[in-house]
Amino acid sequence: MSAFRTLDDADLAGKRVLVRVDLNVPMEDGKVSDTTRIDRILPTIREIADKGGKVVLLAHFGRPKGRDEKNSLRQVVPALAHALERPVIFVDDCIGDDVAKAVAAAKNGEILLLENTRFHAGDETNDPDFVKALAANGDLYVNDAFSAAHRAHASTEGLAHVLPAYAGRTMQAELEALAAGLDNPARPVMAIVGGAKVSTKLDLLGNLVKKVDILAIGGGMANTFLAARGVAIGKSLCEHDLVGTAREIAEKAKAAGCAILLPVDALVAREFKAHPGYRVVPVDGVEPDEMILDAGPLSIAEVVLRLETVKTLVWNGPFGAFELPPFDTATVAVAKAVAKRVQAGELVAVAGGGDTVAAMNHAGVADELTYVSTAGGAFLEWMEGKPLPGVEALRQA
Ligand SMILES: Nc1ncnc2c1ncn2[C@@H]1O[C@H](COP(=O)(O)OP(=O)(O)O)[C@@H](O)[C@H]1O
Ligand SMILES: O=C(OP(=O)(O)O)[C@H](O)COP(=O)(O)O
């Protein structure tokens, strides 16, 4: 970590400190359902506040196209203030006069949370004018959002070029923990990739298959691979435009000697809700009006069997819609099998991702794995050996 400036190097007293954090947390019924990402940023926020800095938090939530109340960070304020045991001042935008006034009015040591940076298109395009507008409200920039460091956005990358930039404590801890656990992974290595962010993660798999010996695919990602094999998957979550990419990845895996495991059976339902009527079917037995919502028992058995043969596991993305029982079955069963091997000293297992962490907590194994990262996509890109823009910008700063 000597490659970065950290909070040890920053003179924080009396400074307006723009702190990029990841508050893209899972929600259920309008409440934060897993606070891991919040808990991990507390040390950085408290340290800056305790050293007399004004903490100005920047974060995104969801993938809004413009301002959209459904994706307002206001809904995260109660959970953040509760975890901090300190008040949080919410500001309705992340640039402009109102922000400048609120920051000027705040006392040293106070904490402000600015509205979703993605309400402005300039965040994702890393627009220099938007970077300038964000920078206008800070003297220093701290990046503590490792889980968003694979994005070259204004708030994750651009700011590091225009303000004195520092790595936050979570950024430091994540990079150190991943390096310690996975820099020279014991082979064979297995990756599990599931979840819903098919389009953003599918591309990563082309490189990942060159780094791992077995790739088990679940969730919406598996549906896309099944569709690529010509399996009729009904109304299942699937990126039909990407079946060509899925085929290419399968070929790359073959050439690299990486075995791909796809579900052979599935839990299917007609409604996306907890405890609907459901069936267990072979993957080629899905009716046109049904959705695959979890991997079935034969698929679980195959993954658990393969787990016995590997020494390292990296995992991002649940096998099913684990928030809706019984579609948590595969994720929980595999998580428990992983934890058992880690506890027996037979496996190094690192799991990461906003929802994956929630799934590990739901399975009751988060403390039994080698390491749980807040990052999903960023963790997979780190695993591929790709430079992460948010990290590289700190290195150069
Ligand atoms: N078969 C499926 N159909 C619909 N949603 C699914 C399916 N499998 C998993 N999911 C959803 O994927 C989400 C997590 O995906 P993702 O955001 O990619 O993971 P992470 O946040 O850990 O990186 C969960 O909310 C889960 O409900
Ligand atoms: O939740 C996140 O990533 P993850 O789902 O890979 O864990 C990050 O906040 C990044 O969000 P994005 O994938 O919308 O850029």
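A residue is taken as near a molecule or strand if its C-beta atom, placed from the backbone, lies within 6 Å of it. The model is predicted: local features need pLDDT of at least 70, side-chain atom pairs count only at pLDDT 80 or more, and totals for chains, interfaces and linings use all residues. Residues are numbered from 1 along each chain as its sequence is written, while chains are lettered from A and ligands numbered from 1 in the order in which they are written.

Ligand 1 is surrounded by 20 residues, of which G195, A196, G219, G353 and G376 are the closest. Two or more residues of this shell come from each of α8 (219–228), β14 (291–295) and α12, where helices (H or I, at least four residues) and strands (E, at least two) are DSSP runs numbered from the N terminus. The most is given by α12, with 3 residues. The shell around ligand 1 comprises 6 nonpolar, 11 polar and 3 charged residues; Ala, Val, Leu, Ile, Met, Phe, Trp, Tyr, Cys and Pro count as nonpolar, Asp, Glu, Lys and Arg as charged, and the others, Gly among them, as polar.

An unreviewed UniProt entry places the feature "binding site" at K201, E323, G353, G354, D355 and T356. UniProt positions follow the numbering used here, feature names are shortened, and annotations may be inferred rather than shown by experiment. G353 is located in the loop between β16 (348–352) and α12 (354–363), and D355 is found in helix α12. G353 counts as buried because it has 28 C-beta neighbours inside 10 Å; the cut-offs are 20 or more other C-beta atoms within 10 Å for buried, 12 or fewer for exposed, and partly exposed in between, with C-beta atoms placed from the backbone. D355 is also buried, with 26 such neighbours inside 10 Å. Leaving out residues up to four places away in sequence, G353 touches G195, N316, G317, A375 and G376, and D355 touches P26, G195 and P318; contact requires C-beta atoms, placed from the backbone, within 7 Å.

The protein chain is divided into domain 1 (7–172 + 389–396) and domain 2 (184–364), with bounds from an automatic or database domain assignment. Their contact takes 9 residues from domain 1 and 6 residues from domain 2. The C-alpha centres of the two domains lie 32 Å apart.

Notes. Two residues are in contact if their C-beta atoms, placed from the backbone, lie within 7 Å.
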